[in-house]
Amino acid sequence: MSTTFKIAALAGDGIGPEVMREAIKVLRAVEKKFSLSFQITEAPVGWAGIDATGKALPDATLALCKQSDAILFGSVGLPDRDPTIPKEERPERAALLRIRKEFGLYANLRPVQLPKALAHACPLRPERQGDGIDILVVRELTGGMYFGQPKKTEDYFHEEPQADEGATVIMRRAQRAIDTMVYTTPEIERIAHVAFKAASLRRKKVTSIDKANVLENGVLWRDVVTKIAKQYPDVTLEHMFVDNGAMQLMLRPTQFDVMLCENMFGDILSDEAAALAGSLGMLPSASLGKATGELTFGFYEPAGGTAPDIAGKNLANPIAQILSTALMLRYSFGLNDAADAIEAAVGTAIAAGMRTGDIYTPAEATAKKVGTREMGDAIAAAV
Ligand code: IPM
Ligand code: MG
């Protein structure tokens, strides 16, 4: 096959570069095994971008992304770095949110799976794990409170009545922060389609999460999702308030197949769901947007963050980054066999007892504690 797939590899900060190195190692193994051709170009982003060019998303990095077929992303954001840099210029907003908006990546898929071999790493008692946990969180990624306008902090005068029965009122200069939650019908429709299509290839159940008992957004969300469901008669739709959803994840996670969430609820519940899989270090994610030609342009990143406490120490689990490359091969390049090979290789390394610190317990007699590089080597070798 002669197609060359162009990949922008943006490792970012913290553990990003270490786990990216292992993911590229695995990609090279796949390239060889399946006679593929990957053109992988690395570029700085996040604090690495600020250090190199003064911008969290350097112009050259954005240009590279635009010329690529997919973006393989590490992680960005170091909360303790330089507090003088304004929040709009910090990596979370200036790089990550900007890329999501710039490329119209409205569908965020976060598969959460607890492999049987890692049952010990799950915080729930074994009887609550049932036959295994397998949830796909479908999170809307370019709407809601993350992007709604107005979004600002402003000064105002706060009136403070005094103890003398209202005779005196003191005006105090204060601040108020405003975030706005907006969803339109088309935004809800398109993400609902993604969830129903995904569910029809899985266990055929969508649990739609909202706060329809309080929020206007929740009422519209429920209404639109219910209408879209009619086009998918083989998929069961259930609605759940977000607070109950958070509780049900802990009580009976096996009831969930696809969880459909707006942006912020999806952010929160996907971290909670991820805890069930033992470690954030295991979970990939895909953010998909508009299609370009035959390919679906996508952005692939681990669910976890920069983990500055363990960065540079060969301790990070590279599996989330490696599994993110598998999602890239499957969703953006249509290379299902190669994607399967990566996922199988991860399974092989786990079955062989390879464990980074986050998924290791001494009680597992056959487990071997390994570093980032050793885990990457084992998975590349298994491919
Ligand atoms: C995530 C992260 C981001 C988000 C942050 C880093 C902006 O938590 O991808 O879940 O809130 O979307
Ligand atoms: Mg998050």
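Student: What is the volume of the largest pocket?

Tutor: The largest pocket has a volume of about 910 Å³. Among the 31 residues lining it, Pro111, Arg202, Leu327, Arg330 and Tyr331 are the closest to its centre. A pocket is an open set of points on a 1 Å grid over the protein atoms alone, with protein on both sides within 12 Å along at least five of seven lines, and lining residues have an atom within 4 Å of a point. Its volume is the space filled by probe spheres set on the points, which are joined across faces, edges and corners.

Student: Which elements give two or more residues to that lining of the largest pocket?

Tutor: They are strand 4 (107–113), helix 5 (185–200), strand 11 (284–292), helix 9 (319–331) and helix 10 (336–351). Helices (H or I, at least four residues) and strands (E, at least two) are DSSP runs numbered from the N terminus. This is a predicted model, in which local features need pLDDT of at least 70 and side-chain atom pairs pLDDT 80 or more, while totals for chains, interfaces and linings use all residues. Residues are numbered from 1 along each chain as written, chains are lettered from A and ligands numbered from 1 in written order, and side-chain values use heavy atoms, without hydrogens and water.

Student: How many nonpolar residues are in the lining of the largest pocket?

Tutor: The lining has 22 nonpolar residues, with four polar and five charged. Asp, Glu, Lys and Arg count as charged, Ala, Val, Leu, Ile, Met, Phe, Trp, Tyr, Cys and Pro as nonpolar, and the others, Gly among them, as polar.

Student: How much space lies in the second largest pocket?

Tutor: It holds about 730 Å³. Of its 32 lining residues, Glu92, Leu96, Leu97, Arg100 and Tyr146 are the closest to the centre. Elements giving two or more residues include strand 3 (70–75), helix 4 (91–102) and helix 8 (263–276). Helix 4 supplies the largest share, five residues. By class, this lining has twelve nonpolar, six polar and 14 charged residues.

Student: Where does ligand 1 sit?

Tutor: Ligand 1 sits in the second largest pocket, in the sense that more than half of its atoms lie within 2 Å of the pocket's grid points. Around ligand 1 are Leu96, Arg100, Arg110, Arg139, Tyr146 and Asp267, each with a heavy atom within 4 Å of the molecule.

Student: What lies 2.7 Å from an oxygen atom of ligand 1?

Tutor: That is a polar side-chain atom of Arg100. A side-chain N or O atom of Tyr146 is 2.6 Å from a ligand oxygen, and for a polar side-chain atom of Asp267 the distance to a ligand oxygen is 2.9 Å. The protein covers 74% of the 320 Å² of accessible area that ligand 1 has on its own, by the Shrake-Rupley method with a 1.4 Å probe.

Student: Which peptide bond is cis?

Tutor: The bond from Gln149 to Pro150 is cis, with omega near 0 degrees. Pro150 lies in the loop between strand 5 (134–140) and strand 6.

Notes
Polar contact = N/O pair within 3.5 Å; in protein donor to acceptor, adjacent residues only side chain to side chain. 1 Å grid on protein atoms, 1.4 Å probe; cavity = no way out; pocket = protein on both sides within 12 Å on 5 of 7 lines; lining within 4 Å.
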